[in-house]
Amino acid sequence: MTGKEYIEKLKKAYVERGLAEECNHLFSIAHGISAADRELLLAEYPDFPESLMEILEAVDGTYWRDYGGEKVTFYFFGSDVDDGEYPYYLFSAKDIMDNKDAASNFGDLFYYFLEEPDEVFGPFIDERIHMNADELRWLNFSDCMNNGGTSSLFVDFTPSEKGVRGQIVRFLHDPDQLSVIADSFDEFLDMLAAKDFRFIDIDD
């Protein structure tokens with residue numbers, strides 16, 4: 001799914017939930033990234049997903065994003081958590097650049113959780129994820145409704161031999177866990193649409 005297609009489906013889903021006013025307000029005041037921001041992102045991430053770029057060219061973030069003096073928060077994504085019902089915000093270009101080294105924060109997780117899978121939660125680190133935190137190249141594009149403290153989403157450009165370049169990694173806290181939830185950003189968008197944008201229902 002392209003970013004433009006995702007936005008149109010997302011708008012429709014908000015309207016169907018009776019949340020047209022909230023959705024229309026966001027898109028009436030929001031703007032996309034600048035040409036300079038686009039070049040900055042591509043310089044940092046040459047394989048930046050085109051569908052994510054299309055989204056950012058329409059909306060430059062929904063995570064306490066200031067648009068003309070008005071700060072907005074708006075649920076833009078879900079994940080596999082709670083079968084898609086747990087909501088996430090869209091990071092702005094600035095947020096993405098500010099968090100470009102976020103993968104290094106998981107050094108302790110790799111060190112301490114190289115153990116048998118939990119009988120309830122499964123493996124703490126997906127085998128498709130490269131195990132050296134210092135060598136990871138991740139694009140942090142989203143934090144959850146709990147301001148990222150509970151869950152975050154990444155595009156992974158340095159997978160293990162069992163993974164796929166560009167796969168989507170989801171971090172979940174307590175117990176700390178890193179899982180691959182889609183092979184690409186396009187596939188991630190398809191997954192959210194297939195789950196009928198359940199993350200919106202928390203606002204319903």
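The paragraphs below lead through a predicted model, starting with the whole chain and then turning to its sheet and to a few single residues.

The secondary structure of this chain comes to 7 helices and 6 strands, and when these elements are read along the sequence they follow the pattern α-α-α-α-β-β-α-α-β-β-β-β-α. The radius of gyration of the chain is 17 Å, close to the 17 Å that the globule rule gives for 204 residues, so the chain is as compact as a globular protein of that length. Taken along the principal axes, the box that the C-alpha atoms fill is roughly 50 × 40 × 30 Å.

Four of the strands form an open sheet in the order 3-4-5-6, and their pairing is antiparallel. Strand 3, which covers residues 138-143, and strand 6 are the edge strands, since each of them pairs on one side only. From one strand to the next, the twist averages 30 degrees. Helix 7 packs on this sheet and touches strand 3, strand 4, strand 5 and strand 6, and the direction of the helix makes about 85 degrees with that of strand 6.

The pairs within the sheet can be followed in the model residue by residue. Strand 3 and strand 4 pair in the antiparallel sense over 5 bridges, and W138 has D156 in strand 4 as its bridge partner. Strand 5, made of residues 167-172, is joined to strand 6 by 5 bridges, and these two strands also run antiparallel; here I168 stands opposite A182 in strand 6. The hairpin of strand 5 and strand 6 has 4 residues between the strands, and in this hairpin D174 takes a positive phi near 60 degrees. Although strand 6 is an edge strand, 6 of the 6 residues in its range, 177-182, are buried, so strand 6 is largely enclosed by the rest of the structure.

S151 is found in strand 4, which covers residues 151-156, and S151 is buried, with a relative accessible area of 0%. The side chain of S151 reaches the backbone oxygen of F171 at 2.6 Å. Leaving aside residues up to four places away in sequence, S151 touches V81, Y86, Y88, D143, C144, R170, F171 and L172.

R65 has its place in strand 1, and because its relative accessibility of 18% is under 20%, R65 counts as buried. A polar atom of the side chain of R65 lies 2.7 Å from the backbone oxygen of D60. Not counting residues up to four places away in sequence, R65 touches H31, D60, E70, K71, V72 and S92. As for S92, 27 residues separate it from R65 in sequence, while the two are 7.5 Å apart in space, C-alpha to C-alpha.

Most residues other than glycine have a negative phi. W64, which lies in strand 1, residues 63-67, has a positive phi of about 50 degrees although it is not a glycine. D83 likewise has a positive phi, near 55 degrees, in a residue other than glycine. D83 is found in the loop between strand 2 (70-73) and helix 5 (93-98), and with a relative accessible area of 42% D83 is partly exposed.

The last stop is D196, whose place is in the segment after helix 7, the helix of residues 185-194. D196 is partly exposed, with a relative accessible area of 43%. Between D196 and E85 there are 111 residues of separation in sequence, yet their C-alpha atoms are 9.8 Å apart in space.

Methods: Residues are numbered from 1 along each chain as its sequence is written. This is a predicted model: local features need pLDDT of at least 70, side-chain atom pairs count only at pLDDT 80 or more; totals for chains, interfaces and linings use all residues. Side-chain values use heavy atoms; hydrogens and water are left out. Buried means under 20% relative accessible area, exposed over 50%, partly exposed in between (1.4 Å probe, protein chains only). Two strands pair if DSSP finds at least two bridges between them. A polar contact is a pair of N or O atoms within 3.5 Å; within protein, one must be able to donate a hydrogen and the other to accept it, and residues adjacent in sequence count only if both atoms are side-chain atoms. Contact means heavy atoms within 4.5 Å. The radius of gyration is taken over C-alpha atoms; the globule rule is 2.2 Å times the number of residues to the power 0.38. Axes are lines fitted to C-alpha atoms, for helices over the stretch in contact, and angles run from 0 to 180 degrees between N-to-C directions.
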